[in-house]
Amino acid sequence: MKFLNAQVFDTQRGEFVKEDFVVSEKKFAPLKEAGQASQEIDLEGYYVTPGLIDAHSHLGMWEENLGVEGEDGNEITDPITPNLRAVDGINPMDVAFEKALKGGVTTVSSGPGSANVIGGQFAILKTFGRSIDDMILRGSSSMKCAFGENPKRCYGSHNKTPMTRMAIAALLRDTLEGTRDYIKRQEEASDYGSRPAYNSKMEAMIPVIKGELPLKVHAHRADDILTAIRIIKEFGLKASLDHCTEGHLISDYIKDSGLPVVVGPTFGFNTKVELCNKTFDTPKKLYEAGIPFAIMTDHPVHPQSSLIFWAILSHKAGLPKGEALKAITINPAVILGIEDRVGTIKDGKDADFVVWDRDPMDIYARVVGVWIDGVNVFSEEGRCFLKK
């Protein structure tokens, strides 16, 4: 299938360029392979972006309209639960998936909430499908951990640990050190009978210790961000700093850490103390400091379909337009380690893209078509692009 005359967002240049592109067997393909394409779609006057990517969401973990029946994101019975997996809690039948498509969001990193110090494993998935197994890009993509107010509130209010930031850090260190010891005892065992007893929590943490699975760090306040950086350095871990609400106050320290940031959600009422310095200036200041970052919704804090709006408001606050769009396309793909599959319109990558009726950074822009893996999964009612 050949698409003609589109204004295509070039993530390398950070601007729209008029060009044609080809989709073949679920992938973007070179123009020379189009030949006598069986179908041509003229996109003259339309804008095309890669499918939008949200690097931090809880899509399908807190379902719309269901209350407690659809709340599967926080297991608030144990502050250390690394053996929990988002793929076992996400419901792809949640109506929010359809709304995500209509907002141009084609890929999300979704997983547990921030009640626990270690909450479990995030998954990366496409937003179209009926079975999670058919939608998955990575079933275990990162390990959620949380600092600050949320674990303190969820456990301290019941006179359980952690009641303090000290205890949060201590629990995380204990788990990391315990995993190191577990690995050592496995390696030193002379036979099966001398191996340590199977421990699902330690097994889940082994890829974290080995640097194969990054920590996904929930931290809003500057002191919590710095504590996270301290522990990450101490154990030589891979990680991203998520939320990073006060990141603009310590951008030099974050820059020195070399860690990427997933910033947000920035819009709305400041619901807790940790958010007192929340501002749309943060993305601009991270960009000016040379820190790689993405913008998130934290769905259901903000609806998954609203991702484009937070890029627009970041641009309004001074972030260059091209950088704002990169923060919801190629940047999250790189941070999540899936840039070989999604994030750009490039030969060989998954044919995930969005057609807009005007520049998507215009607040009035509408999504008029969405393709995932080369399949048109959404078209605005009454609109037909097909041209023989």
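This is a predicted model: local features need pLDDT of at least 70, side-chain atom pairs count only at pLDDT 80 or more; totals for chains, interfaces and linings use all residues.
1. **The largest pocket.** About 380 Å³ of space lies in the largest pocket. Its lining is made up of 25 residues, and those nearest the centre are S114, N150, K272, D298 and V301. Helix α3 (residues 149–156) gives the largest share of this lining, three residues. Sorted by class, the lining of the largest pocket holds 11 polar, nine nonpolar and five charged residues.

2. **The second largest pocket.** Here the space comes to about 310 Å³. The second largest pocket has 18 lining residues, with S141, P214, I335, L336 and G337 lying nearest its centre. At least two lining residues come from each of β9 (136–146), β11 (239–243) and α11 (330–336). Of the elements that line the second largest pocket, β9 supplies the largest share, with four residues. By class, this lining divides into eight nonpolar, six polar and four charged residues.

3. **Cysteines.** How many disulfides does the model have? The count comes to zero. A disulfide is a covalent bond between the sulfur atoms of two cysteines, and the cut-off used here asks for a pair of sulfur atoms within 2.5 Å. For C154, the closest cysteine sulfur is that of C145, and it is 15 Å away, so it is too far for a bond. For C276, the closest cysteine sulfur belongs to C244 and lies 14 Å away, which is again too far for a bond. Are C154 and C276 buried or exposed? C154 is buried, with a relative accessible area of 14%, whereas C276 is exposed, with a relative accessible area of 52%.

4. **Cis peptide bonds.** Some backbone details deserve a look, since most residues other than glycine have a negative phi, and most peptide bonds are trans. A cis peptide bond joins T161 and P162, with omega about 10°, and P162 lies in the loop between α3 and α4 (165–188). Another cis peptide bond runs from G264 to P265, where omega is near -5°. You will find P265 in the loop between β12 and α8 (281–288).

5. **Positive phi angles.** N159 is not a glycine, yet it has a positive phi of about 55°. Where does N159 sit? Its place is in the loop between α3 and α4, and at 65% relative accessibility N159 counts as exposed. D373 is not a glycine either, and its phi is positive, at about 50°. D373 is located in the loop between β15 (367–372) and β16 (375–379). With 25% relative accessibility, D373 counts as partly exposed.

Terms used. Residues are numbered from 1 along each chain as its sequence is written. Side-chain values use heavy atoms; hydrogens and water are left out. Buried means under 20% relative accessible area, exposed over 50%, partly exposed in between (1.4 Å probe, protein chains only). On a 1 Å grid over the protein atoms alone, a cavity is a set of points where a 1.4 Å probe fits but cannot get out, and a pocket is an open set with protein on both sides within 12 Å along at least five of seven lines; lining residues have an atom within 4 Å of a point. Grid points are joined across faces, edges and corners, and a volume is the space filled by probe spheres set on the points. Ala, Val, Leu, Ile, Met, Phe, Trp, Tyr, Cys and Pro count as nonpolar, Asp, Glu, Lys and Arg as charged, and the others, Gly among them, as polar.
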